[in-house]
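This briefing concerns the packing and local geometry of the protein shown below. Please read it alongside the sequence and the coordinates.

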Amino acid sequence: MCEDYRLAVDKLFELQSKEEISNGKPEHAAAFLATIFKYSQKYVFLFCKNLAADVFEDNFLVEQVKKAHDRGVTIKILISDEAVESPQMREFLKNTPVVSINKFLGTLTPAVHFAVSDGRALRREADHNGKRAIGYANCPDRAQPFAD
């Protein structure tokens, strides 16, 4: 994981910044998602292709997912592929039945992968390969529509 990037994102969450944060690289996605889970209090909803290994095999991210679960955060995951790619996340989900994971059977136009937490933090991809992704630490106006 890109430690400088992760620390910068963490600081923006700590400050409850509304600043838009670019994060199209897999290691940036891992850092941003880890921080979403780190600061979540009530819920994290995630819609993605398959919990890709290049993002979700990050040890810090997996640790933050587990800590959020242990704090009682509701975690709901919706994937568009048949199976979870990340071995660490597959193992966590197999051993944690209270985390909701489902296969998305509908269609979205355009399909936007996203993670939202507590109606304020948001990461969304503008394309399917995640190359154009942005996030917000504290932007209820942008996050809330994804939480509904």
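The buried residues of H1 pack against strand S1 (20-22), H2, H4, strand S6 (121-125) and strand S7 (133-136), where contact means heavy atoms within 4.5 Å and buried means under 20% relative accessible area, with exposed over 50% and partly exposed in between (1.4 Å probe, protein chains only). Helices (H or I, at least four residues) and strands (E, at least two) are DSSP runs, numbered from the N terminus. This is a predicted model, in which local features need pLDDT of at least 70 and side-chain atom pairs count only at pLDDT 80 or more, while totals for chains, interfaces and linings use all residues. Residues are numbered from 1 along each chain as its sequence is written, and side-chain values use heavy atoms, with hydrogens and water left out.

**Helix H1**

- The buried residues of H1 are Tyr5, Arg6, Val9, Asp10, Leu12 and Phe13.
- Seen down the axis of H1, these buried residues fall within an arc of 160° (taken from the directions from the helix axis to the C-beta atoms), so they line one face of the helix.
- H1 has twelve residues and reaches 16 Å from its first C-alpha to its last, close to the 16 Å expected at 1.5 Å a residue; the expected span is 1.5 Å times one less than the number of residues.

**Asp10**

- Asp10 is found in helix H1 and counts as buried, at 10% relative accessibility.
- The side chain of Asp10 makes a polar contact with the side chain of Lys38 (2.8 Å). A polar contact is a pair of N or O atoms within 3.5 Å; within protein, one must be able to donate a hydrogen and the other to accept it, and residues adjacent in sequence count only if both atoms are side-chain atoms.
- Not counting residues up to four places away in sequence, Asp10 touches Thr35, Lys38 and Tyr39.

**Nonpolar cores**

- The largest nonpolar core has 35 residues, and those with the most contacts inside it are Leu51, Leu61, Ile77 and Met89. Such a core is a set of buried Ala, Val, Leu, Ile, Met, Phe, Trp, Tyr and Cys residues joined through side-chain atoms within 4.5 Å.
- At least two residues of this core come from each of helix H1 (3-14), helix H2 (26-39), strand S2 (43-48), helix H3 (53-56), helix H4 (59-70), strand S3 (74-79) and helix H5 (87-94).
- H2 gives the most to this core, with eight residues.
- Met89 touches Leu51, Phe56, Glu57, Val62, Val65, Ile77 and Val84, not counting residues up to four places away in sequence.
- A second, separate core of ten residues includes Val116, Ile134, Cys139 and Ala143.

**Loops and backbone**

- Most residues other than glycine have a negative phi.
- Gln16, in the loop between H1 and S1, has a positive phi near 55° and is exposed, with a relative accessible area of 53%.
- Asp118, in the loop between strand S5 (114-117) and S6, also has a positive phi near 55°, but Asp118 is buried, with a relative accessible area of 17%.
- Thr96 lies in the loop between H5 and strand S4 (100-103) and is buried at 7% relative accessible area.
- A polar atom of the side chain of Thr96 lies 2.6 Å from the backbone oxygen of Phe92.

**Cysteines**

- The count of disulfides comes to zero, a disulfide being a pair of cysteine sulfur atoms within 2.5 Å.
- Cys48 is buried, with a relative accessible area of 10%, and Cys139 counts as buried at 11% relative accessibility.
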